[in-house]
Every structure is written in structure tokens, then in C-alpha cells.
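Hello,

Here is the structure I promised to pass on. Please open it first, then read my notes below.

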Amino acid sequence: MQKDKNIINKFTEESDYKYGFYSDIETEIAPKGLTEETIHFISKKKNEPDFMLEFRLKAFRHWQTMKEPEWAHVKYQPINYQDISYYAAPKTKKPKHESIEDVDPELIETFNKLGIPLEEQKILSGVAVDAVMDSASIATTYKKKLAKEGIIFSSFSEALQEHPELIKKHIATVVPYTDNFFAALNSAVFSDGSFVYIPKGVSCPMDLSTYFRINSANTGQFERTLIVAEEGSYVSYLEGCTAPMRSENQLHAAVVEIIAHKNAEVKYSTVQNWYPGNKEGKGGIYNFVTKRGICKEENAKISWTQVETGSSVTWKYPSLILKGDNSKGEFFSVAVTNNKQQADTGTKMIHLGNNTKSSIISKGISAGFSNNSYRGLVKIGKNANNSRNFSQCDSLLLGDKCGAHTFPYIEAQNKSSIVEHEATTSKISEDQLFYCLQRGIEMDNAIGLIVNGYAKDVLKKLPMEFAVEAEKLLSISLEGSVG
Amino acid sequence: MLSIKNLKVSVEGKPILNGLNLEVAEGEVHAIMGPNGSGKSTFASVIAGRDYFDIKEGEVKYLGKNLLEMSPEMRSKEGIFLGFQYPVEIPGVSMTNFMRAALNEKREHLGLKQLSGAEFIKIMEEKQELVNIQSKLTNRSVNEGFSGGEKKKNEIFQMALLEPKLSVLDETDSGLDIDALKIVANGVNYLKRKDNATILITHYQRLLDYIIPDFVHVLYDGKIVKSGGKELALELEEKGYEWIKEITNKE
Amino acid sequence: MADNNNTYNSENFKNNLIKLYESNRKYFSSDSSEKTQKLRDKAFKSFKEYGFPNKKDESWRFSKLDQLFRDDYEFDFEPKLKKFDVNKIFTCDVYDLDTYCVTLINGWFAYKNSPLSVLKDGTIIGSLSKALEIYPEIVEKSIGSTAKIDQPGFVSLNTTFMQDGLFIYVPDNIEVEKPVQIISIVDSKNPIFIQPRNLIIVGKNSKLSLIHCDHSLSHNISFTNTVSEIILNENSYIDHYKVQNKGRNSSLITSIFFKQKSDSKIINNAITLNGGFTKNQIDLQIEGENCSSNLNGLYIMDKNQHVDNQVLVKHNKSNSYSNQLYKGIVNDQASAVFSGKVYVEKDSQNTKAFQNNKNILLTDEATINTQPFLEIYADDVKCSHGATVGQLDSEAMFYLRSRGLCEQTSKQLLMYAFTNEIINEISIEPLKNNIASLVEKRLKGELSICDQCILNCDSSEPKFIQNILD
């Protein structure tokens with residue numbers, strides 16, 4: 001027993017959050033507070049077309065009528081929305097970076113420290129990167145190469161300038177601004193993000209990646225990502241995020257929309273590593289995110305893979321609407337919470353078309369004093385004949401001060417469909433631990449090993465480089481100060 | 001009794017049977033042999049009316065009627081029995097209730113009076129003896145927790161109860177030890193009459209030591225490529241299926 | 001549901017009930033002791049504050065209450081008949097099963113000679129209101145000790161208006177010889193709202209079987225809001241059955257609160273075969289170690305019927321076991337809800353808790369909503385849950401049909417087999433056989449809303465049964 005306690009104590013000690021540094025970059029920050037003027041300010045700063053400003057204002061007016069949701073299994077200090085700055089961008093001489101040479105070396109250095117080199121020649125792997133710091137996109141690599149294939153991969157702001165018609169056509173078609181409190185807020189004040197457009201029949205030759213970084217204090221980050229995959233196209237998209245260590249909480253409310261047309265496939269992978277706060281639960285990011293994709297036509301496929309290790313509070317349900325016949329949805333998630341972190345995450349699979357299939361694999365790992373909840377809805381509409389869902393949601397508990405919860409919602413209205421949900425909750429196996437120890441493996445490594453094994457089903461869905469990073473992250477998140 | 005002409009069947013677009021022809025008359029025992037994946041089990045399922053398969057072409061006449069138009073239960077009531085290769089477990093349905101319902105359905109079809117519980121038990125006990133199946137099995141749910149051998153014996157027991165005209169036994173010998181094999185074979189032999197017929201689907205010659213077939217057919221690539229008497233089985237045992245592949249591919 | 005008045009809503013209904021209580025206080029104060037009066041006041045205050053649950057209330061999300069809110073309910077604050085021959089009005093019999101049978105008519109305990117009987121072994125069975133008069137020390141200690149009144153819902157309402165119901169007290173070290181059967185009858189020409197309150201206390205090392213049947217004597221509109229508190233002392237055992245076969249115009253909300261002390265054991269079976277609107281809430285608090293509980297449920301719904309089973313199992317102590325198994329078949333436009341929750345409190349180590357809900361959906365108009373939740377705050381646990389919605393196994397269907405069973409019979413057989421897992425859990429053999437044949441009939445469409453007790457469907461003549469009140 002005492003030995004058990006020792007292990008647990010180790011894991012409740014403060015983690016090494018190696019991305020917790022702050023970059024001293026001259027930044028332009030909007031005054032705190034949120035009014036219609038703020039929105040005019042943001043829109044003007046970004047030189048946006050009128051439709052965008054109107055959209056923002058509508059969203060803002062609607063947001064003012066809404067109440068913050070309370071149903072999630074999380075508790076946090078109320079957010080004062082007037083005490084946040086809604087725009088922060090690194091100051092540069094030029095409004096837009098024509099090439100990487102124009103980017104402030106300090107910025108490049110920041111991303112280098114994060115392990116995201118922006119100079120194309122330094123990138124070993126064939127991954128195109130859009131780097132977003134605070135409210136603005138810094139640089140997008142491989143743009144030209146991608147453009148040859150007709151692929152658009154740019155920051156959201158640039159896309160608004162260069163392809164306003166595409167944005168106008170697709171924005172808010174999957175997540176309307178009325179959807180929920182945080183989506184409405186994002187729609188009103190979103191700053192930047194990525195835009196991806198894969199034309200008909202094109203298989204994107206490299207993984208696309210966006211790296212989000214919150215740097216400034218007292219700011220919120222509200223990015224917006226829109227991915228459109230035309231008929232028969234394919235893209236794999238990766239998202240990573242970090243923030244400096246601060247004792248105040250910072251709000252991150254993003255919206256991601258994915259549209260997959262006939263026979264198109266989109267893979268969306270996230271490694272979320274926002275600052276989780278310290279071991280007393282002070283500071284950290286409130287990660288309130290709305291992510292949703294639609295398989296609009298037949299045989300479309302979208303999969304979400306997420307590794308969630310950061311943020312002090314997470315509220316996130318990457319969802320799919322399976323509208324096209326034979327379309328497929330997948331959700332693979334590993335969520336780790338330690339210390340005083342709280343996560344309420346899962347998915348929604350809305351089956352509307354015939355023969356639609358969805359799979360959910362969720363692995364929750366709770367340690368310290370944290371609470372980790374899976375919340376998922378599987379809905380089979382009346383007309384979704386022969387649809388099929390399988391969900392497996394497992395929870396692993398490390399220590400007796402944390403909580404692991406599973407909240408599945410199944411709503412079935414079709415007689416030819418099959419829905420299956422399975423879940424287990426247990427503590428880490430002592431037999432497995434002992435086996436590792438007996439073979440001479442240190443306790444910390446043994447736990448890392450077992451947890452990684454437990455999460456394998458999900459980790460193997462990640463692209464290579466990401467998987468390696470995620471595996472390390474899992475061990476680090478749980479390892480505490482023992483490295 | 002059974003006349004199959006140019007039967008073509010596919011599953012999910014993949015052809016399995018590619019023009020199968022077979023004639024079975026009353027009083028005959030046919031053995032269909034063939035390597036894995038040649039379409040043996042598909043053939044058995046199609047005769048019993050599994051709707052998983054697409055019938056692309058061909059006709060199947062049974063006692064002069066178009067078999068392919070009949071529902072599975074109608075085929076059964078008309079005297080077709082399929083001994084399943086993998087009998088499904090149905091927890092919660094007792095063997096006794098199940099067989100009584102089946103027998104009474106058939107009797108109703110034939111215009112016979114329904115059996116009372118007591119009458120049925122009597123018949124059941126008779127048949128039980130025949131296949132040497134313990135009564136404890138009939139008290140359990142259909143096939144639930146049965147061993148492989150018990151499941152196969154249970155199929156023969158059901159065959160004995162239903163007294164079919166045409167039995168298709170799909171790999172009934174697989175997974176049986178020698179004693180169980182003998183019991184199954186004895187059951188089949190005992191039930192053989194001048195007015196019924198049996199199609200044995202098997203992988204090995206072994207079963208044919210106990211049930212002597214009148215005809216042996218070799219099924220390969222969805223077609224019957226060779227037919228002969230019981231000696232064909234021995235030849236096949238000796239030379240293996242490679243031999244069939246060779247002679248077929250030569251042609 | 002018949003004639004819905006759109007303008008009449010939960011707020012109106014609540015206000016009417018408040019007025020009704022205030023203007024009829026004399027019925028509720030005369031028989032209340034000081035302690036129960038306090039409980040009543042507290043419940044009334046809570047009802048005034050919270051009222052009825054609304055759509056936002058997660059546990060009521062799929063059960064639309066609007067149809068229950070009417071302004072034409074009658075309330076019997078006094079029993080219409082104080083004393084009458086129970087044998088004449090209705091009896092109910094389980095073939096081959098000898099029980100102590102008692103009857104509630106419109107929520108009031110019905111008796112021939114005495115409202116309260118004491119068996120030879122000291123077990124007390126009878127009217128709650130009488131028990132409060134004669135054994136206040138027993139009743140007061142337990143009533144309201146488990147039922148939660150500080151939340152929206154029907155428990156505070158029941159507690160405000162509670163007058164009568166079943167009372168059972170089993171002293172320590174007693175195995176009650178025969179099962180107790182309680183038949184709760186609703187009989188009224190006009191729409192009626194009744195609120196029975198039951199209190200069952202099982203002493204240390206004691207054992208009780210209780211069969212609880214709900215049914216209607218007519219097809220008239222009724223709303224029954226029952227609260228039962230069942231307290232299990234150390235090493236005690238209860239085998240509890242709830243059989244519901246109600247008319248389509250009946251609404252039934254049943255809340256059962258179990259409190260389990262160390263080494264006690266519960267087997268609970270909720271079998272819902274018919275009913276317009278049925279909500280069964282179970283709240284099980286495990287307050288001791290080495291407890292075990294099996295909560296089973298079976299529902300077979302068709303037409304516009306609605307059933308909602310809500311189960312909370314809270315492990316407050318270590319080393320206990322709980323298992324929920326609910327199975328249902330839903331046809332036509334019917335709907336079924338299962339919301340189960342296993343809650344493992346901090347430090348309730350070595351808990352084993354399981355939960356399973358399996359459904360068969362027969363049409364595209366029918367709906368199933370299932371929410372098996374786990375909320376766990378201790379690490380040394382083994383918990384799992386599962387939920388399925390699907391159809392009959394096509395392999396099995398083919399097997400049956402290939403043996404000559406027609407599609408309809410095969411379906412019925414497989415549905416029956418599906419229900420068997422629950423029926424087999426019934427440990428009282430004659431009751432098991434009875435329920436099995438009822439379920440079979442129900443699946444064949446032969447058992448509909450009958451005016452007879454469902455446990456006596458076959459006989460047209462009411463049978464005499466041994467009644468402890470003779």
C-alpha cells in the first residue's frame with residue numbers, strides 16, 4: 001500500500017511543462033472588453049469583406065442573448081468576458097509575410113523552440129505548417145508547392161482576402177453561430193486560423209499542419225479552421241497547441257468545420273497540449289472548443305483523432321454529421337488529466353444517411369486530483385437504414401483522488417440499425433506493473449509503458465511524427481517531476 | 001427430386017458458384033467434396049434459402065417446384081433439411097420448445113394434427129436414443145454451451161425428428177472424434193429410406209467410410225468439375241485437391 | 001393521451017396543488033405526528049420552490065410530462081370506504097404461490113377486519129397511516145430517511161400529500177415465511193390522482209419477498225405517484241418484484257429508495273408489460289460493506305406507450321457489488337428510456353459495479369434512448385457498462401426458419417428468448433412461470449390491457465386467496 005502511495009504521490013507532483021516559456025515579442029493588443037466596437041476593430045484590422053463583419057455582428061448579438069453552458073462535468077471560476085483582450089498580434093513591419101525571410105527572427109526562434117521549424121529547408125518531414133501566434137498567422141510553409149495542385153492552405157485571414165467566395169460559401173454551414181455559447185463567441189471575435197481547400201480528385205501530397213501558440217497575457221485565442229474536401233479528394237490535417245505558463249486562466253474558444261463531399265476523406269489529428277495549470281490548479285487554459293464535420297455526400301469519410309493532455313479545463317466534442325449514404329465517421333481519443341485538470345470530452349455521431357458507419361474509441365486516463373469524463377452522443381435518425389455504431393470507452397485510474405466518468409447518450413430511431421456501446425473502468429493492473437518491474441523496468445517507465453499500451457488503439461491512428469510526440473507527451477504528462 | 005441447372009451465385013458482387021449442375025433422385029446419397037473456398041457451404045445455404053446470397057442465374061427445381069421462390073421455412077416444411085456447419089447458439093430458446101414448434105409447423109403444413117406435449121416428448125425420446133443424445137441437452141437452450149460434437153449430434157437429432165426428404169449435411173463430420181462420427185453416420189444411415197435423399201458436403205473421405213455414397217462430386221471454383229462413384233473419393237484422398245486443380249486448369 | 005389542454009401547464013398544475021394542500025390541511029395534520037409534520041412542511045416548501053422537473057432536467061429529458069398536467073383530477077383525501085370485503089372486489093392469484101396478499105385501493109389500504117396485522121413471528125404488515133398511530137417510534141425513525149425531497153420531481157409532492165400505503169416491518173432474525181403480495185388498484189370513474197406511500201423495513205438477518213403489482217380496474221384516466229422506502233438492515237435480504245400492467249390512460253411514476261446496510265442483499269425486478277406513461281425511478285444507496293444488489297428490468301412496449309427506467313446505484317462504502325440489467329422490446333410508436341448511473345464515492349474501494357441495457361427496436365417509429373452513466377471517484381474498482389440497440393439476430397432467425405418455423409413464430413421465439421435472461425433471475429419459481437407465460441402472451445399480442453390482475457389473466461372468476469386480514 002505504501003508503495004502505491006509513493007507512486008501516486010509522484011504523479012501528483014507538478015509536471016514539466018516544457019512549453020511554458022514566454023517570448024518577448026512586440027505585440028499589438030486590443031484594449032480589454034467586448035462591444036460591437038471591438039468587433040469593428042478586429043474586422044477592420046483584418047481588412048475583411050463586409051459579409052464577414054455582418055456575420056460577426058449577428059453572432060455577437062446572438063451571443064449576448066445566450067448563457068454559458070453548465071451541463072458539463074467541470075467546475076471553473078466564472079469568466080469575465082469584459083476582462084479579456086480579443087485581439088493580439090505580433091507587430092511586424094509588413095502586414096503580410098511574403099516569404100519566410102520577412103518573418104521576425106524572434107518569432108521563428110519561438111517556433112523552433114517549440115519544435116516547429118518554419119524554414120522549409122529545415123523541415124525534415126514533408127509537412128506543411130501554418131503557424132498561428134495569438135490572433136494572427138505568422139507563416140505558412142509549402143504554400144506554393146501546394147498551390148500547384150490547386151490546394152489552398154493558408155491562414156484564415158489571407159483566405160478571406162484571396163478567396164472570399166469560398167469562405168462565404170462554407171463558413172458556419174457546419175457550426176452555425178447559434179450553435180452554442182462558445183461557438184457564437186468565436187463567430188463574433190475569431191481572429192485567425194487555417195483554411196484548407198482540396199479540389200476535386202486531389203489527394204494532398206503532404207500532411208497539413210497548424211500550430212497554435214498563445215503568447216500574450218490576458219488574451220483569449222479564438223481561431224477558426226475550415227476544411228473543404230471536394231469530391232474524391234483526401235487530406236490529413238494536424239493541429240498542435242501550446243501556451244506559456246501563467247497563473248491566470250486564459251480562454252481558448254475555437255471552431256473547426258470540416259466539409260467532405262462525395263468519396264472525399266479527411267483525417268483530422270490533434271495533439272492538444274495547452275498549459276494545464278500548476279499542481280494546485282492555478283492558471284492554465286480553458287479549452288472550450290466546437291469541432292464538427294459533415295460527410296455531406298455518399299462515401300465521404302471523416303476521422304477525428306485527438307490526444308488531449310493539456311488545458312486546465314477542456315470542453316470539447318469533435319462531432320460528425322453522417323448525411324451522405326455509406327459515409328463513415330471515426331473518433332479516436334486519448335485524454336489524460338493530472339493534478340487538478342478537468343476534461344469533459346467526447347463526440348457526437350449523428351447518423352442521417354443509409355448505411356452510415358461510425359466507430360468511437362475513447363481512452364481516458366485520470367491521475368492526481370483530476371476529473372476526466374467521456375461524454376458522447378450516438379443518434380440514429382429515422383431514415384438511417386442499416387447504420388452501425390460501435391463505441392468502446394475505457395477509463396484508467398491512477399490514484400484514489402481522481403475521478404473517471406462515462407456519459408454515453410444513445411438515441412435510436414431506426415429498426416435496421418445497430419448501436420453498441422461498451423465501457424470499462426479500472427485501475428492500472430498490478431500484475432502488469434509487477435511484470436514490468438520484475439523485468440527491471442523502473443516504476444515510472446513501467447507506467448508510461450502500460451499507459452501507452454492502453455492507448456495504443458488510438459495512438460496508432462496518428463501520423464508517424466505525431467504519434468511519437470504523443471507517446472512522449474503521455475509519459476511526460478503522467479511522470480510528474482520524474483523525467 | 002432435386003435438379004440444379006447452371007446455378008450462378010455471388011456475394012457482395014463476388015461470384016461464388018459459377019454454373020453448378022446437379023441431379024439428385026430419391027434414394028440416393030451424394031457426396032460433394034472440394035477444397036476450402038470452392039463454394040460448398042454457399043451451395044448448402046442457397047439450397048436452404050439464406051437471403052445473404054445473390055442468385056444471378058440458373059434454376060433449382062425441387063419435386064417439380066421452383067425452390068428459389070420459396071421461403072426458408074417453406075423449404076423446410078416441404079422436406080429440406082440443412083445440417084449447419086456452425087449451428088448458431090440461441091440462448092433462452094429451449095430445445096424442446098423449439099423442436100416442438102418446428103414439428104408442429106410441419107404437421108400443420110401436411111394437414112396432420114398437432115402433437116400434444118406428452119406425445120411430442122415420447123417422439124423426442126425415441127429419436128434421442130437413435131442419435132445417442134443425452135436428455136440433458138434437450139433441456140438446454142438451442143446449442144448454447146454445446147461442444148462441437150454435441151452441436152453436430154443435435155443437428156442429426158433434429159433431422160431425425162423432422163424426417164426430411166432431402167438432407168444437406170454441411171461438414172457434419174468436421175470437429176468430430178471417431179465415436180461421435182460413428183454416431184452421426186449411424187443416424188444418417190438409419191434415416192435413409194427409398195424415398196429420401198442425402199447430400200453430404202465434406203472435406204475428407206473419412207465420413208464416407210461410414211456413409212457409402214452413390215455418387216461423389218468434386219466442387220472446384222464454383223462448379224462441379226468431376227463426378228464419379230465412391231471410388232472417386234478414395235482417389236481424391238490419395239492424390240489430393242492439387243490433382244483436381246491440375247486437371248481442371250488443363251481443360 | 002386523451003384531451004390535452006394546451007394552456008394548462010406544469011406551473012398551473014403546481015399552483016393548483018399548492019392551493020389544494022393549503023385548503024385541505026386538516027386531512028394532513030390530524031394524523032401527523034410532530035416529526036412527520038415537520039417532514040411534510042419541508043417537502044411542501046421544497047415542492048413550492050422546485051416544482052416539477054422541466055425539459056432541461058436531464059433525467060426527465062425524454063419523458064414529456066405535459067400530458068400528466070390536468071385540472072380535472074379527483075383527490076381522495078379520505079378513503080371512500082373505510083372497511084370492506086376485499087375478497088369481493090378484486091383478488092389476484094399466482095398459480096401455485098401462497099402469499100400474504102394485501103390491497104391498496106386508490107392509495108388507501110383496504111382491509112376486512114383490521115388495518116394492521118402482526119404475524120406470529122412478529123412481522124407487521126398493514127396500513128402506513130395506522131402504523132404511524134400505533135408504532136410511531138418505528139415509522140418516524142425511517143420515513144423520509146431515504147426519499148430525496150430537495151429536488152424537482154414527484155417525491156416532495158408525494159411527501160407533502162402522503163397519507164397511506166403499505167407498511168411492513170420485519171423484526172431481526174426473521175425469515176418471512178411467505179412472500180407478501182401487494183396489489184395496487186386504481187378504480188375511479190373520473191380522472192384521479194393518487195399518491196401512495198410505502199415503507200418497508202427489514203431487520204438484521206431477516207428476509208422478505210415482496211411482489212408489487214400495479215394495475216387499473218378501468219380504462220379511465222389516472223395518475224399514480226408512488227414513493228416507496230425500503231430499508232435493509234445488516235445482513236438482510238429482499239427479493240422485490242414490481243409488475244406493471246396498466247391501461248393506456250394511466251400514468252405511473254414510481255420512486256423506490258433503497259438503503260442498504262452491511263452484508264445486505266437486494267434482488268429487484270421491474271417488469272413493465274403495458275402502461276400509458278410509466279416512469280420507474282430507483283435510488284439505491286449502499287451504506288455498508290459487502291452488499292450485493294441485482295437490479296433487473298424488462299419492458300415490452302407498443303402502440304404509444306412510454307416507459308422510462310431511471311436507476312441510480314451509489315456505492316458509498318467499499319467492497320460491494322451491484323449489477324443492473326435492463327432489457328426491452330419496443331414496437332410501433334412506443335418509446336423507451338433507460339438512464340442508469342453507477343456512482344462510486346471516494347474511497348469506496350474494491351467496488352464491482354456493472355450495468356447493461358439491451359434493446360430491440362422493431363419499427364422506425366419507435367424510439368430508444370439509453371444513457372448508461374458511470375461516475376467514479378475511487379481507483380480500485382471494476383466497473384463496466386454496455387448498451388445495445390439492435391434487432392433480432394439474423395443468423396438465429398435463419399436457423400429457426402430453416403427448421404420450418406414461420407417468420408412470425410421465429411420472431412416471437414427469439415423475442416421471448418431475449419426476455420429470458422431477465423425472467424430467469426426470478427427466484428420464486430411459481431412467479432417465474434407466471435411471468436414467463438405473461439411475457440409470452442404479451443409477445444404474441446394476446447395480453448393487452450386487461451381489467452383482470454395480470455397475474456390472473458386466465459381466469460374470469462376472481463379466485464379466493466388466503467388473506468392475512470381475515
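How many salt bridges are there over all chains? The count comes to 45. Bear in mind that this is a predicted model.

Start where chain C meets chain B. The contact takes 19 residues from chain C and 28 residues from chain B. About 2,000 Å² is buried between them, and carbon and sulfur atoms give 64% of that area. On the chain C side, C:Phe398, C:Tyr399 and C:Arg403 lose the most area to chain B, together 42% of what that side buries.

Polar links cross here too. The rule finds 13 residue pairs in polar contact across this interface. Helix H8 (394-402) and helix H9 (407-423) of chain C each supply at least two residues to the side touching chain B. H8(C) gives the largest share, 8 residues. By class, that side of chain C has 9 nonpolar, 5 polar and 5 charged residues.

Chain C and chain B share 3 salt bridges. One of them pairs B:Glu73 with C:Arg401, with the closest N and O atoms 2.6 Å apart.

Other salt bridges lie within a chain:

- B:Glu89 pairs with B:Lys151 at 3.2 Å. The two are 62 residues apart, B:Glu89 in the loop between strands E6 and E7, B:Lys151 in helix H6. B:Glu89 is partly exposed at 36%, whereas B:Lys151 is buried at 16%.
- C:Glu133 meets C:Lys130 at 3.3 Å. Both sit in helix H5 of chain C, 3 residues apart, so about one helical turn separates them.
- A:Glu265, A:Lys301 and A:Glu330 are linked in a network.

Best wishes

Methods
Residues numbered from 1 in each chain as written. Chains lettered and ligands numbered in written order. Predicted model: local features only at pLDDT ≥ 70, side-chain atom pairs only at ≥ 80, totals over all residues. Heavy atoms only, no water. Contact = heavy atoms within 4.5 Å. Buried area = accessible area lost by both parts, 1.4 Å probe. Salt bridge = Lys/Arg side-chain N within 4 Å of Asp/Glu carboxyl O. Polar contact = N/O pair within 3.5 Å; in protein donor to acceptor, adjacent residues only side chain to side chain. Helix = DSSP H or I, 4+ residues; strand = E, 2+ residues; numbered from the N terminus. Nonpolar A, V, L, I, M, F, W, Y, C, P; charged D, E, K, R; others polar. Buried < 20%, exposed > 50% of the residue type's maximum accessible area, 1.4 Å probe, protein only.
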